[in-house]
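Please read the briefing below alongside the sequence and the coordinates.

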Amino acid sequence: METIKWAINHMPKTEDAQLKVMALSEVKKARAFHESFPQYSVTPLVRLGNMASRLGLKDIYVKDESYRFGLNAFKVLGGSFAVARYIAQKTGKDVSELPYNILTSPKLKEEFGQATFFTATDGNHGRGVAWAANKLGQKSVVLMPKGTTPARLNHILAEGAKASIEEYNYDQCVRMAADMASRTENGIMVQDTAWDGYEEIPAWIMQGYGTMAAEADDQLHGMDCQRPTHVFIQAGVGSLAGAVQGYFANRYPENPPKVIVVEASAAACLYKGAIHGDGSIQMVGGDMATIMAGLACGEPNTISWDILKNHADTFISIPDWAAAKGMRMLAAPIKGDAPITSGESGAAPFGALACIMCMDEYQELKKLLGLDEQSKVLLFSTEGNTDPERYESIVWDGNTY
């Protein structure tokens, strides 16, 4: 059986120039924008006290993003804020001047005109961009990688996007979408990864993700938890991980929580970078076959990578069976704890945590991370059952594909 692997962060530090992307003032602006949506509500932070006791921890808190805007995933936070920031920039406004009711008004559309937003996605990001474009009366084009399930495609088509499943992996679809945008009048790439020369929009997307981290922080205080000791966060290109790490590094600069980045073993480019050790970007190619579709990305976000190598504690690579274990445990927790419907990518961090706490072969890692009965662990279930048939097959039938 494939095992969990880990790399403690010993990479050399940089000037940390990207940490300011997740400045609390920027996150506050994004959160105010999201709060202007009629669909907005704070997603639940579920306290799994009985599960924590069983695993030998003080507390476990899981942010349940299956309730986000009725879209069953967190990604819309980034795409919607980036689209708004782009429209604000083009119309000479600050995004604070464009709450939802103004952004969706005929007057603003007349002022801004018609654009087409291009993106590549494993599912949730593209659905978020398509949803935002649809609400704003704009067009969207979404490319999806080989192996994407029809259910994920249909969710995006239902938002009015032009969408297709390609015979290429995620990173190749990103390049195709960027090329299409460059050849389209008023075409703009809204991608949740950054590369040299394409960093402004990814930074806005990361700030949009900050809404989720800020909500969780407030909710923890409401539960008499002043700050988590550990944060387990999943990564594909690393945009979410960098956003969450950046938020907590800025929020608790004197005593930040220990952040553990969790990737699918088939696409563990950040873990590979940590193993390499010199801070350079490392990539993973090929099909990257994994049930964790949202994490099947082999080329790191340059902004996030800089934040993570300066602040993240440990990078972990997990096989599919560990994510499936996390899905099942969240769906059927200890009696008295609320169940959480968490998809393959959403449950990956919890699956990693459960294995570290319960399996003999990971006791060294447990000790290295300082996980014990005093630990208060925060995790983000970033998606619900975005592919219901696949979810039931894993949780009910025990498949891991």
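The structure is a predicted model, and the protein in it has 16 helices and eleven strands. The strands discussed here belong to an open sheet of seven strands and to another open sheet of four.

**Overall dimensions and burial**

- Taken along the principal axes, the box filled by the C-alpha atoms of the protein is roughly 60 × 45 × 45 Å.
- Of the 401 residues in the protein, 61% are buried, and the protein exposes about 15,000 Å², of which carbon and sulfur atoms supply 49%.
- Among contacts with a separation of 6 or more, 74% are between residues 24 or more positions apart.

**The seven-stranded sheet**

- The strand order in this open sheet is β1-β10-β9-β8-β11-β3-β2, and the pairing is mixed. Because β1 (5–8) and β2 (45–47) stand at the edges with a single partner strand each, one side of each is left without a neighbour in the sheet. From one strand to the next, the twist averages 20 degrees.
- Strands β1 and β10 pair in the antiparallel sense over four bridges, and within this pairing I8 stands opposite T314 in β10.
- On the other hand, β9 and β10 run parallel and are joined by five bridges, with E263 standing opposite S317 in β10.
- Strand β8 (residues 230–234) likewise pairs with β9 (residues 258–264) in the parallel sense, over five bridges, and Q234 has V262 as its bridge partner in β9.
- Strand β10 is mostly covered, as five of its five residues are buried. T314, I316 and I318 point one way from β10, whereas F315 and S317 point the other way, and all of them are buried.

**The four-stranded sheet**

- This open sheet has the order β6-β5-β4-β7, and its pairing is parallel. The edge positions are taken by β6 (162–165) and β7 (187–189), each with a single partner strand, so one side of each is left without a neighbour in the sheet. Direction ignored, neighbouring strands of this sheet are turned by 15 degrees against each other on average.
- Strands β4 (residues 116–120) and β5 (residues 139–144) pair in the parallel sense over five bridges, and F118 stands opposite V141 in β5. Helix α8 (residues 170–182) packs on the sheet, touching β4, β5 and β7, and its direction makes about 160 degrees with that of β4.

- In soluble globular proteins, nonpolar side chains tend to be buried together.
- The largest nonpolar core here has 95 residues, and those with the most contacts inside it are F117, V190, F248, V261, F315, L378 and F380. Helix α9 (residues 200–222) contributes the largest share of this core, namely eleven residues. A second, separate core of 45 residues includes A264, A322, A323 and L379.
- Not counting residues up to four places away in sequence, V261 touches I233, A235, A241, L270, L308, A312, T314, F315 and I316.

**Packing of two further helices**

- Helix α14 (residues 348–358) lies across β3 (59–64), β8, β9, β10 (314–318) and β11 (376–381), and runs at about 130 degrees to β8.
- In helix α16 (residues 388–395), the buried residues are R390, Y391, S393, I394 and V395, and the buried residues of α16 pack against α13 (320–331).

- D16, found in the loop between β1 and α1 (24–35), has a positive phi of about 65 degrees although it is not a glycine. With a relative accessible area of 22%, D16 is partly exposed.
- M288, placed in the loop between α11 (269–276) and α12 (302–311), is also a residue other than glycine with a positive phi, here near 50 degrees. At 6% relative accessibility, M288 counts as buried, the cut-off for that class being under 20%.

Definitions and conventions:
Residues numbered from 1 in each chain as written. Predicted model: local features only at pLDDT ≥ 70, side-chain atom pairs only at ≥ 80, totals over all residues. Heavy atoms only, no water. Buried < 20%, exposed > 50% of the residue type's maximum accessible area, 1.4 Å probe, protein only. Helix = DSSP H or I, 4+ residues; strand = E, 2+ residues; numbered from the N terminus. Contact = heavy atoms within 4.5 Å. Pairing = 2+ DSSP bridges. Axes fitted to C-alpha atoms, helices over the stretch in contact; angles between N-to-C directions. Core = buried A, V, L, I, M, F, W, Y, C linked by side-chain atoms within 4.5 Å. Areas by Shrake-Rupley, 256 points an atom, 1.4 Å probe, with all protein chains shown as cover.
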